[in-house]
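I am opening a notebook on this structure and will write down what I look up, one topic at a time. The sequence and the model come first, and my entries follow.

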Amino acid sequence: MAEIEIIQNIIKALIIVSIVLLGILGILIWVKDKTKKVSYLRLFIQLISVPLIFLGLIIGPFGLPQYPPVGNAPRDIVIGTKIFGRPFPDGLPVPILACWYPSGRTVTCPAWQMQAYVYPFWREGPGFGWGVLYTTPGIERLAIVIGLVVVVALLLGRFFCGWVCPFGLYMDLLSRLRTALKKPYKSLPKRANIALRQSRYIIIAVFMILSVMLGAKDILGVELIQGTERGGYLYSYLSAPYCQVCPMRPLCVLAEVSIGAMNATFVFSHTTGIFYEAGYYITSINMIVLAITTVGALVYRRLWCRICPVGALTGIFSRFPPFKRVSLLRINKDEEKCTKCGICKRVCPPEVTEVYELKGGDVTTSACILCLRCIEMCPYEDCLRLEFAHKPIFKSRNWLEKT
Amino acid sequence: MPEGKSEKKYVPEISEKELQELRETIKVNSIKLMNEYLERIRKTWPNRPENMKYFDEIANFFGVREKEIREAKDEGKKVIGYTCMFAPIEFILAADAIPVRVSSGFYDPAKVGSRIVPVEVCPIIRSTVGVKMIGLSPFLEYSDAIITSLTCDGMTKLSEILSDYKPVWSLCPPRVKDADQAALFWRQELKVLKENIEKLTGNRITEKKLSEAIKKVQRATEAFRRLQKIRCGPPVIMGRDAMLVNQTIMWDDIERWTMKTIELCNELERRIQAKEWACPPDAPRIMITGSPIFWPDNWKLPNLIEEAKPQGVIVADELCSGDRFLYDPVGVDEWIMHDMFNAVADRYLLPSTCPCFTSEDGNEDRVNWLISRIKERKVDGVIYYIYRGCMLYAMEYMRIKRVLDKMGVPVYYLDTDYTREDVGQIKTRVEAFLEMLKSRVEVEG
Amino acid sequence: MIVAGLDMGVQNVKVVLLRGGEVISRNLVPSGFNLREAAEQALKEAAENAKISIKEIDHVTATGMGVDLAPRADSTISMISADALAAVHLHPATRTVIDIGAEESRVISCDEKGVVLDFTINERCAAGAGAFLEAMARALEVDLKDMGYLSLEAQGTVSISATCVIFGESDVVSLIHKQTPKQEIARAIYDALAERIMSMIHRIGLKPDVMLVGGVAKDIGFATTLRRKIGLDVIIPEYPEFAGAFGAALYAVNKARREKHNGQ
């Protein structure tokens with residue numbers, strides 16, 4: 001029985017891989033307009049990534065978790081036990097992928113991990129944290145998180161933001177909707193963009209400090225804020241304070257609920273404390289931020305990316321010294337071939353201006369989501385190019401030429 | 001403002017008889033000269049492509065194209081002239097009007113223009129004024145309105161003088177173009193222009209019309225850039241012929257021009273296969289940069305270069321009447337009015353290499369354009385071509401020379417006027433320069 | 001093998017005859033109204049001086065402004081290249097050649113082989129060339145030959161404009177009216193011309209050694225002024241006015257040798 005399931009899963013996985021490959025091939029062959037090729041490719045990969053991130057939804061048993069944070073989530077079982085033979089040590093993060101809250105922990109947003117690990121897991125063993133049995137101790141997990149974020153950020157930088165992130169897809173779709181409605185986008189002033197960009201680091205710092213403050217009872221043995229002791233009425237909500245604000249969380253939860261991977265009744269019934277109006281998994285702050293971001297993203301392209309702390313985290317490890325030196329994926333500009341026509345600046349969804357302003361060389365910044373729209377739209381041959389380990393893998397070209 | 005009715009600001013009273021006489025003699029001279037120049041082009045390159053015939057025909061200011069525009073005008077179409085390449089032809093096309101460039105290359109009217117404009121002023125301005133005074137250029141005459149660009153001092157006052165005759169819409173490009181406020185200002189300028197065009201033609205520039213116009217010009221740009229790409233290799237087309245093709249777009253029907261240019265490119269590509277070069281492949285490869293050269297009369301320098309001994313071949317230029325004219329495409333992100341408009345606005349302002357712009361780095365866009373064109377077209381030497389009175393280009397010479405010296409590319413500074421008197425002197429200089437290039441190539445080879 | 005270099009100048013036609021690389025005859029004939037005739041005469045006289053027949057000349061290379069009117073030209077070369085060839089041949093360390101003729105002045109930068117690297121020619125007006133000195137000497141009512149020595153005696157200095165020959169003349173006249181010593185005016189004239197040449201030199205950059213050729217090089221006043229302005233020694237060859245013709249002759253040697261080689 002189990003063997004049949006494994007074979008089934010392998011077949012399913014093969015089908016997924018072939019769909020992806022066929023899709024990529026199809027786009028490369030059939031899209032003739034060179035100014036749209038990469039955009040369509042990106043959209044396709046983003047769309048494909050959504051179910052892949054929630055892989056448990058496609059492969060394996062669709063068992064509803066009885067009590068989500070406890071025990072193994074479907075995707076733990078599937079990719080861990082069923083394919084690799086044993087469950088993963090939980091908390092293997094790949095940046096910007098799935099949210100921790102819906103049902104699983106295997107591929108999890110690093111923002112959650114950072115906060116959560118600061119809070120209850122400094123002491124090992126059962127009974128700490130949220131009464132969850134974890135297979136790895138906290139320090140080790142934190143090391144894994146940081147290590148993986150660093151490695152992935154070094155390898156690919158913010159590539160995930162442009163090509164995989166489901167929330168990025170959400171905003172892109174909003175932009176497409178706006179275009180279809182023939183409404184213009186607006187641009188934030190450069191100063192505002194820079195302010196947003198810088199505030200990302202403050203946001204990370206604030207939430208990390210909040211995590212420690214709220215978890216003070218467990219970490220320092222002193223309760224700094226009333227109600228944050230284990231079992232207190234704020235306890236469940238504020239262990240990962242950023243997640244109570246994140247606009248992505250309700251989307252993820254709703255996505256899984258809508259396919260039936262989560263129990264809707266459970267999601268909305270488990271409510272205590274001051275944030276419970278919208279339920280345990282979705283706080284009202286989440287919903288407000290999501291609503292603001294949605295409206296904002298209809299007007300300003302990729303608005304959340306300009307402030308997203310997860311992107312900032314990846315950005316730190318790919319665009320700041322000393323990481324900048326070793327970072328593999330970068331956009332390079334040939335100053336001599338550039339006529340400063342301004343197309344790159346105008347088409348950039350998060351409105352990064354460095355690609356236009358910097359004279360030449362490495363023009364990637366921590367705000368760049370590597371969506372490659374600038375390279376795709378640059379009409380001068382070999383002026384902008386995407387380099388992997390200093391080898392060009394995608395160059396700008398005269399897109400007027402059909403062949 | 002109907003012609004001749006309101007009080008003239010600049011133009012003196014000249015009797016119709018005198019004007020008539022001037023017009024007749026100058027017209028005869030110009031036609032003769034135009035034919036002579038075409039003949040000389042043919043003589044230098046006897047094995048000229050069949051497809052060049054079309055461009056020769058269009059090059060005639062008083063020929064097919066004049067007739068076409070006259071007929072279109074009779075049918076109620078509007079003609080909109082422009083002096084600089086800052087005028088967005090996409091808007092003109094989208095409003096179903098005919099765009100024509102009216103900066104003048106006629107020599108003799110420059111003398112007539114001197115009645116209003118001092119002789120120190122650049123001959124393009126003087127000649128354009130003169131041409132309008134005597135009503136020589138049919139394209140300027142047919143224009144229902146003129147878009148001028150306040151790039152240099154000459155162009156600024158030219159708009160005033162022309163407004164004695166026709167409605168003039170002046171575009172003021174912000175001289176520091178990279179600044180954020182510059183983009184805002186420029187877009188506002190174009191918004192007003194767009195409204196003016198709509199008002200004049202009575203046609204609204206709709207989203208559909210504008211996107212069609214953009215695509216039309218993009219196709220022309222594609223053909224244009226293809227031709228320039230062909231010039232990167234061994235000389236399969238003489239520089240004067242390529243320059244003629246590049247110039248005709250400024251008054252020809254854009255779709256037909258695109259078609260004919262593609263045909264020409266096809267023919268040239270066949271010749272590349274057959275290795276049929278237009279001149280010896282070791283001829284020094286020249287680039288002209290500086291003040292714009294306009295057909296019909298002002299063909300002095302190209303003639304000298306390509307008829308000189310040793311012969312040179314013009315493989316590139318950085319003239320707003322040549323290689324620069326259609327090189328940059330409009331890059332539209334979202335095909336909605338807002339973004340199309342911004343894309344058009346950006347295309348006409350940001351990539352411009354006009355010396356009227358300045359920046360901390362000293363008009364580096366022009367420097368970069370020159371460097372990359374020199375590398376791409378394998379240029380042996382640069383001729384820096386200046387009209388007397390063209391301050392901006394003249395003053396930028398030292399900046400450009402520094403850069404080219406660093407690259408090891410010889411550059412020769414040549415200043416002249418709209419006259420035929422200095423041909424002998426210029427010839428000595430050009431030939432000495434070509435000889436120098438030739439001996440350098442031989443030594444290096 | 002006998003070759004000739006023919007410099008068809010505006011004021012004088014100059015001929016240099018070479019045999020095996022050695023100068024066997026030099027000749028200078030005023031251009032007059034008929035340049036072709038003057039050139040024919042110059043060639044003939046040069047041949048007579050060298051005691052050869054004009055038919056014995058294997059190759060004639062023509063140069064100069066009137067090159068199209070040369071009675072015989074087996075090849076042509078620009079004055080720029082001719083000057084550079086001659087200068088490097090006469091003094092191999094020459095890197096900058098200044099040639100001041102009657103109506104044209106040139107500043108040439110060349111390499112050790114005499115290949116031209118850069119050059120500049122004075123603007124169309126003759127104010128930057130020998131004609132300027134001539135007109136000024138006329139205005140000053142002194143002989144052109146004496147003006148140089150006169151200028152060396154100057155105590156102080158005045159300034160005149162050299163943007164135009166005509167305006168320069170009226171400048172000189174008004175200075176005379178102000179009772180300015182002729183010596184000082186003469187010095188001012190040379191200063192003005194040298195200043196124009198300096199601006200040309202700076203356009204292409206000054207590289208030592210510097211050689212001054214052309215008719216004006218014989219003028220002691222100008223040579224002194226130029227040396228002072230440049231701050232370097234300026235080499236003046238023995239026959240500076242024949243530099244162009246000599247360069248053309250050197251070119252002719254090469255050309256004739258190559259033709260002979262090709263012929264065999």
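**Entry 1: a loop proline.** I began with A:P322, which I found in the loop between α14 (309-319) and α15 (323-326) of chain A; helices here are DSSP runs of H or I with at least four residues, strands are runs of E with at least two, and both are numbered from the N terminus. Before going on I noted that this is a predicted model, in which local features need pLDDT of at least 70 and side-chain atom pairs count only at pLDDT 80 or more, while totals for chains, interfaces and linings use all residues. Residues are numbered from 1 along each chain as its sequence is written, and chains are lettered from A and ligands numbered from 1 in the order in which they are written.

Is A:P322 buried or exposed? It counts as exposed because it has 7 C-beta neighbours inside 10 Å (buried takes 20 or more other C-beta atoms within 10 Å, exposed 12 or fewer, partly exposed lies in between, and C-beta atoms are placed from the backbone). I also looked up A:P189, which is 133 residues from A:P322 in sequence and 30 Å from it in space, C-alpha to C-alpha.

**Entry 2: two helices of chain A.** Helix α8 (residues 190-214) of chain A and α14(A) have axes that come within 9 Å and cross at roughly 105 degrees (axes are lines fitted to C-alpha atoms, for helices over the stretch in contact, with angles from 0 to 180 degrees between N-to-C directions). I found A:R200, A:Y201, A:I203 and A:I204 on the α8(A) side, and A:P309, A:A312 and A:L313 on the α14(A) side, where contact requires C-beta atoms, placed from the backbone, within 7 Å. These residues divide into 6 nonpolar, no polar and 1 charged (Ala, Val, Leu, Ile, Met, Phe, Trp, Tyr, Cys and Pro are nonpolar, Asp, Glu, Lys and Arg charged, and the others, Gly among them, polar).

**Entry 3: where chains meet.** The contact between chains A and B takes 24 residues from chain B and 20 residues from chain A. On the chain B side, α14(B) gives the most, with 6 residues, and the residues of that side divide into 7 nonpolar, 7 polar and 10 charged.

I then turned to chain C, where 13 residues are in contact with 13 residues of chain B. The largest share of the chain C side, 4 residues, comes from β8(C), and by class this side has 7 nonpolar, 2 polar and 4 charged residues.

**Entry 4: chain C itself.** I counted 8 helices and 10 strands in chain C, and 51% of its 264 residues count as buried. The C-alpha trace spans about 70 × 35 × 30 Å along its principal axes.

Helix α4 (residues 144-152) and helix α7 (residues 220-230) of chain C have axes that come within 7 Å and cross at roughly 45 degrees, which makes α4(C) oblique to α7(C). Their contact has 5 nonpolar, 4 polar and no charged residues.

Lastly I looked at C:A4, which, leaving aside neighbours within four places in sequence, is in contact with residues including C:V15, C:L43, C:I57 and C:A249.

How values were computed. Two residues are in contact if their C-beta atoms, placed from the backbone, lie within 7 Å. Angles under 35 degrees count as roughly parallel, over 145 as roughly antiparallel, 65 to 115 as roughly perpendicular and the rest as oblique.
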